[in-house]
Number of protein chains: 2
Amino acid sequence: MRASEIRALFAVASRPEVVSLAGGMPYLDGLPLDVIGEMAQHVIATRGTTALQYGSGQGDETLREQILEVMRLEGIEAHPDDVVVTTGSQQALDLVTRLFINPGDVVVAEAPSYVGALGVFRAYQADVVHVPLDQDGLVPEALEQTLTALSREGRRAKLLYTVPNFHNPAGVSLSAARRPQILDIARRHGLLVLEDNPYGLLGFEGDPVPALRSLDEDGVIYLGSFSKTFAPGYRVGWAVAPHAIREKLVLASESAILCPSNASQLAISAYLATCDWRGQIKAFRELYRERRDAMVGALAEHLPRATWTVPDGGFYTWVRLPEGLDAKAMLPRAVTARVAYVPGTAFYADGQGADHMRLSFCFPTPERIREGVRRLAGVISSESELVDLFGVVPGDGGTTIESPSPDLA
Amino acid sequence: MRASEIRALFAVASRPEVVSLAGGMPYLDGLPLDVIGEMAQHVIATRGTTALQYGSGQGDETLREQILEVMRLEGIEAHPDDVVVTTGSQQALDLVTRLFINPGDVVVAEAPSYVGALGVFRAYQADVVHVPLDQDGLVPEALEQTLTALSREGRRAKLLYTVPNFHNPAGVSLSAARRPQILDIARRHGLLVLEDNPYGLLGFEGDPVPALRSLDEDGVIYLGSFSKTFAPGYRVGWAVAPHAIREKLVLASESAILCPSNASQLAISAYLATCDWRGQIKAFRELYRERRDAMVGALAEHLPRATWTVPDGGFYTWVRLPEGLDAKAMLPRAVTARVAYVPGTAFYADGQGADHMRLSFCFPTPERIREGVRRLAGVISSESELVDLFGVVPGDGGTTIESPSPDLA
């Protein structure tokens with residue numbers, strides 16, 4: 001199945017009769033749209049010649065100060081000058097990769113990793129080397145081994161890309177105990193850590209774990225986003241980087257887009273200044289926890305032969321299929337049965353992952369989630385019968401999705 | 001003077017007591033901000049879950065249809081599928097360059113050229129070869145000669161970058177007669193034309209000249225923008241490209257930003273659907289014509305020893321200084337005298353241009369323009385006296401501005 005075929009399948013999967021457990025779209029119906037609309041009106045009526053004009057390449061200064069408040073919830077202390085506002089954190093990913101990666105350079109990333117980051121690394125012809133994660137996130141020993149092996153081969157990794165909280169797609173988090181260990185290993189091997197953290201505030205229990213950036217100012221580039229905690233439609237994310245890197249990021253961003261949208265930035269700034277954004281995040285957390293419960297409940301009921309992660313936050317669970325099934329080969333049949341997911345191969349640079357699928361519980365209602373898992377169970381059951389009768393049907397392996405369609409965000 | 005020093009100077013130049021003839025910011029006070037604010041409110045209140053959500057990587061389909069209407073004013077016939085919406089046309093410039101240019105590849109560009117395009121070409125390590133323009137725009141014979149010479153050296157140019165209408169910074173337009181000639185030369189030399197057209201609808205007299213894209217569907221990538229005809233703060237521009245290129249642009253844009261802002265796109269779409277955008281463009285044309293008149297009137301009165309272009313549209317005039325003066329060396333003294341401009345060197349990849357400056361008449365009022373030129377005349381007069389006394393003071397040549405600060409858009 002080619003990348004374009006996968007895209008065609010997702011086009012079908014967006015039809016209303018299909019339960020999509022594929023997308024990473026946040027659920028926005030809970031937002032106070034009337035209030036947000038009035039705020040937008042007020043921003044333009046009172047500050048229109050700023051909101052509609054070119055702005056600073058680095059981003060609006062007031063917004064950068066407010067971003068510090070948001071990050072303080074995860075223990076990050078920074079200065080507004082350290083922040084670069086970008087067109088979603090995807091643009092920050094692109095700019096960092098552009099600055100650091102030449103063709104053939106090594107990027108170390110979790111196995112599995114966010115499809116959109118892999119797309120960027122591929123675009124800059126990086127060589128992605130995966131390191132396993134487990135229930136507590138990236139495994140320090142495995143990271144150490146991989147870096148040592150690379151250095152023995154005379155190859156030096158430049159970046160460690162990690163999603164430490166409520167991992168996309170794996171649903172796990174890097175434990176507090178492992179955080180200093182990972183940073184220490186990275187430091188010793190001269191590796192810059194790229195901490196991508198869109199979901200950190202969406203934990204279902206307890207307080208946020210301190211960000212890697214809060215433990216190491218010089219070795220970490222931190223990426224944040226309003227896409228999951230507020231709304232992706234403004235396309236506002238940010239990077240926090242050590243001084244010399246941050247200056248280069250601003251120049252690279254000016255070359256790429258001149259400046260981020262003032263209209264978007266001022267709208268978000270007004271939202272943060274006048275709305276109860278902490279309360280909104282709390283409401284999102286409860287909403288997504290209920291959906292997580294629906295998802296893992298339905299999986300336990302309908303997929304006894306599969307295993308899955310039980311995430312403490314975020315949007316995704318990572319399901320291992322019964323022996324012999326291929327998530328990519330099965331996808332067309334699933335879509336025919338009116339349920340969609342993302343096959344695990346999308347989250348590896350090297351064709352692994354056919355035995356996994358990512359299921360997201362962010363967008364559909366609990367009832368739809370249960371219905372989707374029921375449908376999926378029917379598909380898996382038919383596939384399993386075929387496998388039992390005819391043995392393992394080998395998948396075609398290596399095709400990866402060439403671009404992170406927004407459906408997969 | 002280093003690039004960072006130039007940036008520092010422009011920071012000073014943004015103070016209110018300085019008349020800035022440097023920036024390319026459109027004048028937005030004439031926009032109906034109340035109406036635009038209410039439209040923004042209405043879009044979010046009625047279509048908020050779309051406006052605030054991820055959207056298509058290629059851009060909103062309704063907006064792409066409306067963009068066709070805009071382009072029809074310059075004779076372009078296209079299909080919505082041909083259009084890719086980007087974060088300002090700067091992002092389209094970046095994506096096209098990313099797709100086509102490997103380090104060392106040749107880009108042919110007018111002498112002078114838009115500073116933001118040169119920044120992108122430099123970022124991708126293109127080798128920019130300048131071709132002269134005159135009152136009728138890019139000179140076909142010079143283009144032919146340059147391409148022939150390049151091919152004799154075994155170097156093939158990949159892209160011809162051109163701003164055919166109301167050129168930034170030169171203020172001239174490519175005549176209708178030359179358009180097919182340029183396209184014919186490009187075709188014969190296997191050169192893709194990158195037509196950057198932010199100002200085409202801002203002509204001061206007569207109808208728009210047909211776009212290059214209207215004469216050649218297969219050999220031209222067209223870039224358009226709402227930044228000058230409506231408002232840059234939404235960061236919405238677009239590219240129109242032949243089918244195979246357009247598909248690659250969408251994938252590259254998804255990798256860079258996932259998708260353009262739905263909030264911005266829906267706001268512009270509502271503006272185009274419900275406001276008299278043609279009337280607004282007409283009002284802008286009249287406003288800018290009045291300022292052009294103030295500019296050239298003041299130049300004639302105060303700068304008898306300089307020469308300049310008299311633009312029929314757009315934002316800029318290109319001034320040649322009296323013999324022996326260096327616009328870059330003079331800039332700090334001009335800023336001290338409370339007037340700013342962009343030295344000509346910013347618009348060349350090779351350090352030429354110290355004898356020129358770009359003056360923009362888009363943002364300051366006619367009165368401020370006259371005051372700015374008066375101040376400039378004082379600075380030039382003092383400089384000229386020094387030159388007359390001590391002879392030509394050689395400039396330092398080659399430093400170019402490394403990034404297109406939004407001040408220079």
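In this predicted model, the cover over the buried residues of helix α5 of chain B comes from both chains: it includes α9 of chain A, along with α4 (88-100), β3 (106-111), β4 (127-134), β6 (157-162) and β7 (192-196) of chain B itself. Here's a quick tour of that helix, a helix pair in chain B, and the contact between the two chains.

**Helix α5 of chain B**
- α5(B) spans residues 115-123 and is mostly covered, with eight of its nine residues buried.
- The buried ones are B:Val115, B:Gly116, B:Ala117, B:Leu118, B:Gly119, B:Val120, B:Phe121 and B:Ala123.
- Just past the end of α5(B), B:Gln125 adopts a positive phi of about 60°.

**The α2/α10 pair in chain B**
- Helices α2 (residues 33-51) and α10 (residues 262-274) of chain B pack with their axes 9 Å apart, at an angle of about 125°, which makes the pair oblique.
- Their crossing is right-handed.
- On the α2(B) side, the residues in contact are B:Ile36, B:Met39, B:Ala40, B:Val43, B:Arg47, B:Thr50 and B:Ala51; they meet B:Asn262, B:Ala263, B:Leu266, B:Ala267, B:Ala270, B:Tyr271 and B:Thr274 of α10(B).
- Sorted by class, that contact has ten nonpolar residues, three polar and one charged.

**Where chains A and B touch**
- Chain A puts 53 residues into the contact, and chain B puts in 53 residues.
- On the chain A side, α2 (33-51), α4 (88-100), α5 (115-123), α9 (243-257) and α10 (262-274) each supply at least two residues.
- α2(A) gives the most to that side, with twelve residues.
- By class, the chain A side has 26 nonpolar, 20 polar and seven charged residues.

Terms used. Residues numbered from 1 in each chain as written. Chains lettered and ligands numbered in written order. Predicted model: local features only at pLDDT ≥ 70, side-chain atom pairs only at ≥ 80, totals over all residues. Axes fitted to C-alpha atoms, helices over the stretch in contact; angles between N-to-C directions. Helix = DSSP H or I, 4+ residues; strand = E, 2+ residues; numbered from the N terminus. Parallel < 35°, antiparallel > 145°, perpendicular 65-115°, else oblique. Left-handed = near helix turned anticlockwise from the far one by under 90°. Contact = placed C-beta atoms within 7 Å. Nonpolar A, V, L, I, M, F, W, Y, C, P; charged D, E, K, R; others polar. Buried ≥ 20, exposed ≤ 12 C-beta atoms within 10 Å, placed from the backbone.
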